[in-house]
Amino acid sequence: MEINIALLPGDGIGPEVVAQAVKVVNAIGKKFGHKISYKEGLVGACAIDATGDPYPDATHEICAASDAVLFGAIGDPKYDNDPKAKVRPEQGLLRMRQKLGLFANVRPTFTFPSLVHKSPLKLDRVDGVDFVFFRELTGGIYFGEPRGRNEQGTKAFDTNVYSKEEIVRLARMGFEAAQGRRKLLTCVDKANVMATSRLWRETVQELAPEYPDVKVEYEFVDAVAMRLIQWPKAYDVLITENLFGDILTDEASVISGSMGLMPSASLGSKVKLFEPIHGSYPQAAGKDIANPLATVLSAAMMFDYAFGLKEEAQAISDVVNLSLAEGYVTEDIADGGKAYKTSEVGDWLAAKILG
Ligand code: IPM
Ligand code: MG
């Protein structure tokens, strides 16, 4: 197969971890006989520095013409404490999602037996946790208009808005995912307070009869925030709006004790995007210490979701498991054992795939 990947390393540790994923993808290409080519684009703070725009047109063209986008991270501390900054790296990410039509963000949480003791939760709560969020990604309060301030600048407002169509397309993905898993779907909303949430709940209720094999539960977002910690094994597939999903998926990401390992996929259009969920981790940037496994596992999701190549995806997951089992890992999970550099882990994974 000929595969054309858009590489957006972005900021912070993004370039280092994406470089390791590229080694792994190339090894897979060699082993399974795929011709893989890359085009690189700028996004985030580095794009602002170079062009003044966090998602330049040139980057969008590269993405739109690709078969899939492999994304690192964006963000730079110099923008975080400057609420008056006119251009922000995050705007690039939001615009990219919107322009590429990536309306569904798939964020799984699963455990690795060798890392489960690092979870902040008790072992009996967390061992075997396996759920996945489908977060709506191009609507809601992130994009709703009007937004802004009154003339005096003393009042600010954002608008949360959802159409039925936006809810249906996200919910259908959740139902279908549940059918292929444990057949439990949780609709997360705040229907006791918010009109948008009532539309979510009503819409999911209307769809449910089309998926008679899926059991649907409706839970308020505050209760889910609590139960995710108390009994995370209660969940299988969760669907939710953009802001709730942003918050809950960060909470979910630390449950397994291996945030540095959690991948994600953004779906919705021909071009799909894959990224680690850990963010730009600026303190580690350029030090060759960041854990590349989440990006490598995002590349595994890419082979599965974007190209339908399950064997290749499995080969990547297998080699990641091997690195965990043999302790060929970076310092965040080395646990007193020898810690390897980001680049060494990438070389090791690629060599094992070919070996
Ligand atoms: C995420 C991030 C982004 C979001 C930020 C960087 C805009 O937190 O992907 O979850 O809020 O969606
Ligand atoms: Mg977030």
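Select Cys-187 to begin: this residue is buried, with a relative accessible area of 0%. Here buried means under 20% relative accessible area, exposed over 50%, and partly exposed in between, with a 1.4 Å probe and protein chains only. The model is predicted, so that local features need pLDDT of at least 70 and side-chain atom pairs count only at pLDDT 80 or more, while totals for chains, interfaces and linings use all residues. Residues are numbered from 1 along each chain as its sequence is written, chains are lettered from A and ligands numbered from 1 in the order in which they are written, and side-chain values use heavy atoms, without hydrogens and water.

Next, select Cys-63, which is also buried, at a relative accessible area of 0%. Its sulfur is 12 Å from the closest cysteine sulfur, that of Cys-46, which is too far for a bond. A search of the whole structure finds zero disulfides, a disulfide being a pair of cysteine sulfur atoms within 2.5 Å.

Now extend the selection to helix 3, residues 57–64. Helices (H or I, at least four residues) and strands (E, at least two) are DSSP runs, numbered from the N terminus. The buried residues of helix 3 are Thr-59, His-60 and Cys-63. Viewed down the helix axis, these buried residues fall within an arc of 100°, so they line one face of helix 3; the arc is that of the directions from the helix axis to the C-beta atoms. The face turned away from the buried side carries the exposed residues Asp-57 and Glu-61. Display strand 1 (2–10), strand 3 (68–73) and helix 5 (89–100) as well, for the buried residues of helix 3 pack against them.

Move to ligand 1. Around it are Glu-90, Leu-93, Arg-97, Arg-107, Arg-135, Tyr-142 and Asp-246, each with a heavy atom within 4 Å of the ligand. Oxygen atoms of ligand 1 lie 2.7 Å from a side-chain N or O atom of Arg-97, 2.6 Å from a polar side-chain atom of Tyr-142, and 2.9 Å from a side-chain N or O atom of Asp-246. Taken alone, ligand 1 exposes 320 Å², of which the protein buries 76%; accessible areas come from the Shrake-Rupley method with a 1.4 Å probe.

Finish at Asn-160, in the loop between strand 7 (156–157) and helix 7 (164–179). A polar atom of the Asn-160 side chain lies 3.0 Å from the backbone nitrogen of Ile-141. Beyond its neighbours within four places in sequence, Asn-160 is in contact (heavy atoms within 4.5 Å) with residues including Met-194 and Thr-196.

How values were computed
Polar contact = N/O pair within 3.5 Å; in protein donor to acceptor, adjacent residues only side chain to side chain.
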